[in-house]
Amino acid sequence: MGSVQFKNQLNSAPLLAKPLASGDKFGRDYVGNRGKQTPNRLSWRMTTNNVLTDVIAEFGRKYLWWEPVSGQPHSEDRIITQTMNLGTYDDILVLEEAVGKARLLEVMLRAEPGWINDRSWEFWRGRLSFATEASIPEKGPRRAFHAATP
């Protein structure tokens, strides 16, 4: 049984590797990138210094639907961890590019108990330990319930 291979759409080759010769029935617009390497998805959006702020604000609106308890806005760490926990793969790629893997690792290690579920923790543990060569605990932070001593 053959294996299925998935290409990363961010780094895949353009539809046509070179422009069509003049005189073809298709015009130059049909060719797309005209044989040039496909630009990175975020490169066209990263024209200002506040891209990180915009990305985090967008994910905050998408993944944090409740009002913060303190009345203050949700912290960047909370928005990042909620996106790490619930985000789609496309959102994960955007988050990695905007924030960087080193910052994701820092945020993950500072996460409060319950912010990242076991499945997401294992995903990010594998992804970030490979990328950063860091030692990441096998389990995420847990709440501790201790019986009160009489």
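Visitor: At what angle do helix H4 and helix H5 pack, and how far apart are their axes?

Guide: In this predicted model, in which local features need pLDDT of at least 70, side-chain atom pairs count only at pLDDT 80 or more, and totals for chains, interfaces and linings use all residues, helix H4 (residues 101-110) and helix H5 (residues 118-132) pack at about 135°, with axes 10 Å apart. Residues are numbered from 1 along each chain as its sequence is written, and side-chain values use heavy atoms, leaving out hydrogens and water. Helices (H or I, at least four residues) are DSSP runs, numbered from the N terminus. Axes are lines fitted to C-alpha atoms, for helices over the stretch in contact, and angles run from 0 to 180 degrees between N-to-C directions.

Visitor: What makes H2 roughly perpendicular to H4?

Guide: H2 and H4 pack at about 95°, with their axes 10 Å apart. That angle lies in the perpendicular range, so H2 is roughly perpendicular to H4. In this contact, Glu-76, Asp-77, Ile-80, Thr-81 and Met-84 of H2 meet Arg-103, Leu-104, Val-107, Met-108 and Arg-110 of H4, a set of 5 nonpolar, 1 polar and 4 charged residues.

Visitor: Why is the pair of Asp-91 and Lys-62 called a salt bridge?

Guide: A salt bridge is a side-chain nitrogen of Lys or Arg within 4 Å of a carboxyl oxygen of Asp or Glu. The N to O distance between the side chains of Asp-91 and Lys-62 is 2.7 Å, so the pair meets the criterion. Asp-91 lies in helix H3 (residues 89-99) and Lys-62 in helix H1 (residues 51-63), so the pair ties together parts that are 29 residues apart in sequence. The structure holds 7 salt bridges.

Visitor: Why does Asp-91 count as buried, and what is Lys-62 counted as?

Guide: Buried means under 20% relative accessible area, exposed over 50%, and partly exposed in between (1.4 Å probe, protein chains only). Asp-91, at 10%, therefore counts as buried, whereas Lys-62, at 44%, counts as partly exposed.

Visitor: Which salt bridges does Arg-103 form with Glu-76 and Asp-77, and at what distances?

Guide: Arg-103 meets Glu-76 at 3.0 Å, N to O, and Asp-77 with its closest N and O atoms 3.5 Å apart. Glu-76, Asp-77, Arg-103 and Arg-110 are linked in a network of salt bridges. The C-alpha atoms of Asp-77 and Arg-103 are 9.6 Å apart in space, and the two residues are 26 apart in sequence.

Visitor: Why is Glu-133 called exposed?

Guide: Glu-133, in the segment after H5, has 73% relative accessibility and therefore counts as exposed. Glu-133 also has a positive phi of about 60°, although it is not a glycine.

Terms used: Helix = DSSP H or I, 4+ residues; strand = E, 2+ residues; numbered from the N terminus. Parallel < 35°, antiparallel > 145°, perpendicular 65-115°, else oblique. Contact = heavy atoms within 4.5 Å. Nonpolar A, V, L, I, M, F, W, Y, C, P; charged D, E, K, R; others polar.
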